[in-house]
Amino acid sequence: MGTKRILIVDDEENIGRSLQWILEGDGCSVTVCRSAAEFQSAGSRFDLYLLDVRLPDGNGIELLRQIRQQGAPAPVIMISGHGTISMAVEAVRLGAFDFLEKPLARERVLLAVQHALDRWKLERENQSLREMVGAAPRMIGDSAAFRGVVEQATLAARSDARVLLIGESGTGKELLAAHIHEHSPFAQGAFVKVNCAAIPSELMESELFGHEKGSFTGATGLRRGKFELADGGTLFLDEVGDLQQASQAKLLRVLQEGEFHRVGGEKAIRVSVRVVAATNRNLEEMVEKEKFREDLYYRLSVVPIRLPALRERPSDVRALAAYFLDEFCTRNNFRRKCLEDETCAVLEQYAWPGNARELRNAIERMAILCQSDSIPVAAVPAEMRIGRAAGARSSLQEARECAEREHILRALEQANWNVSGAARTLGMERTNLHKRMRSLGLRREAV
Ligand SMILES: Nc1ncnc2c1ncn2[C@@H]1O[C@H](COP(=O)(O)OP(=O)(O)OP(=O)(O)O)[C@@H](O)[C@H]1O
Ligand SMILES: [Mg+2]
């Protein structure tokens, strides 16, 4: 490795000086800035940044954002004083590699810097590898409910049928869409995502179908739309329930006719694209209220797949938590950590309104804040622990209900949600099964 160029931004003169001394002693070339303003004129050709969280004329998080936006960003380590730990944690969530607490110990500084540089190099290598071979998404979860969903998705993937993924926010719709792509005949093509909620309706047509040069003010060149970019691959229409009426009509047309025109274009363009759509809204209800076109709904949902909320499959929480924890520690070059049994039990109790995404965030936060290798229940954010005390059920009963829910769900799914059929398989009365389903909160929603 050549000499590493390091930029330090800290307003405390003695901190800047001692860091410079430590790092120059290790063969690095060091520049020190005393303020955000000085940082702005320091240039951007550095291999690593050490940023104080609090600066006289700004804060380190703003600088972190700037660095992340540069073309070839470098790793950032935050320096936090007493009372700014929560900001440092936030910075790690935003992509800082690590944080150092004042007072700074020489060994700890050198270790953090070395880790960051090594890790960075590895990431860059991995990234070019991924670009060559593609990364298969990993679907974690062994509950019958979740496995059933993955199975349906894998079967649907083999055809070119359009799939509609329905599920609450954070249940893994995008992940499942990528899974469908990987297991489909379109896997060699691109996976192209359109966020229907984020694009204003007047730009939607150009976004989906592209435009010819000069077709409207601002159309300075020819632009290919997402349908063209996805030719031979998969087009993922995320948040499809948020499409405006006008865009719904345009989308319907291409799905019916299999061809489209660029905005301002004469020629009809044909592509071979597998469409997967997703929504966290109740589209059936929207159709009833005439907020979503019925004909478009049927075009999109040839195979509808509902992703169960995390609270419907609490037995997946443990595996997901372990997976997120491992992934986080590896990515940040932290020592491997694990969750104590009781910690998992508490996490299983919580209702997870934000589903897997909320769990991932909670785990990352715990991993950052907890110093020990095995994360105790005390590290679980307080609001997630409250539900448990209120419920105050015995753990044996919890385990029993959990197993029962799984078992009944599996029978219902096998019987295609025919309750009499499932009751026969389970050897119980139909009315009894209805009662158990009610008390376990099992019902078929918008499948
Ligand atoms: N079964 C799973 N195994 C591994 N990771 C998962 C799983 N489910 C969800 N995740 C992770 O949880 C996060 C949220 O998943 P994803 O973005 O796919 O959800 P979503 O349903 O598209 O949410 P939204 O509706 O908010 O867009 C992602 O980081 C994803 O990788
Ligand atoms: Mg999503």
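In strand β6, isoleucine 77 is the bridge partner of leucine 50. The structure is a predicted model, in which local features need pLDDT of at least 70 and side-chain atom pairs count only at pLDDT 80 or more, while totals for chains, interfaces and linings use all residues. Residues are numbered from 1 along each chain as its sequence is written, and chains are lettered from A and ligands numbered from 1 in the order in which they are written.

**Sheet**

- Strand β3 (residues 48-52) and strand β6 (residues 76-80) run parallel and are joined by four bridges; strands are DSSP runs of E with at least two residues, helices are runs of H or I with at least four, and both are numbered from the N terminus.
- The order β2-β1-β3-β6-β7 describes an open sheet of five strands with parallel pairing, where two strands pair if DSSP finds at least two bridges between them.
- β2 (29-33) and β7 each have a single partner strand and stand at the edges, so one side of each lacks a neighbour in the sheet.
- From one strand to the next, the twist averages 20°.

**Helix packing**

- α4 lies across β6 and β7 and runs at about 170° to β6; angles run from 0 to 180 degrees between N-to-C directions, and axes are lines fitted to C-alpha atoms, for helices over the stretch in contact.
- Helix α3 (residues 60-69) packs against helix α4 (residues 85-93) at an angle of about 10°, and their axes are 10 Å apart.
- α3 and α4 are therefore roughly parallel to each other, a term for angles under 35 degrees.
- Gly60, Ile61 and Leu64 of α3 make the contact with Met87, Glu90 and Ala91 of α4; two residues are in contact if their C-beta atoms, placed from the backbone, lie within 7 Å.

**Backbone geometry**

- Most residues other than glycine have a negative phi, and most peptide bonds are trans.
- The peptide bond from lysine 102 to proline 103 is cis, with omega near -5°, and proline 103 is in the loop between β7 (98-101) and α5 (106-133).
- Tryptophan 352, in the loop between α14 (341-349) and α15 (355-369), has a positive phi of about 45°.
- Tryptophan 352 is buried, with 24 other C-beta atoms within 10 Å; buried requires 20 or more, exposed 12 or fewer, and partly exposed lies in between, with C-beta atoms placed from the backbone.
- Asparagine 416 has a positive phi near 55° and is exposed, with 10 other C-beta atoms within 10 Å.

**Confidence**

- The chain averages a pLDDT of 88, and 93% of the residues score at least 70; pLDDT is the predictor's confidence in each residue, from 0 to 100.
- Over residues 388-392 the pLDDT is below 50.
- Where pLDDT is low, the predicted coordinates should not be read in detail.

Methods
Angles under 35 degrees count as roughly parallel, over 145 as roughly antiparallel, 65 to 115 as roughly perpendicular and the rest as oblique.
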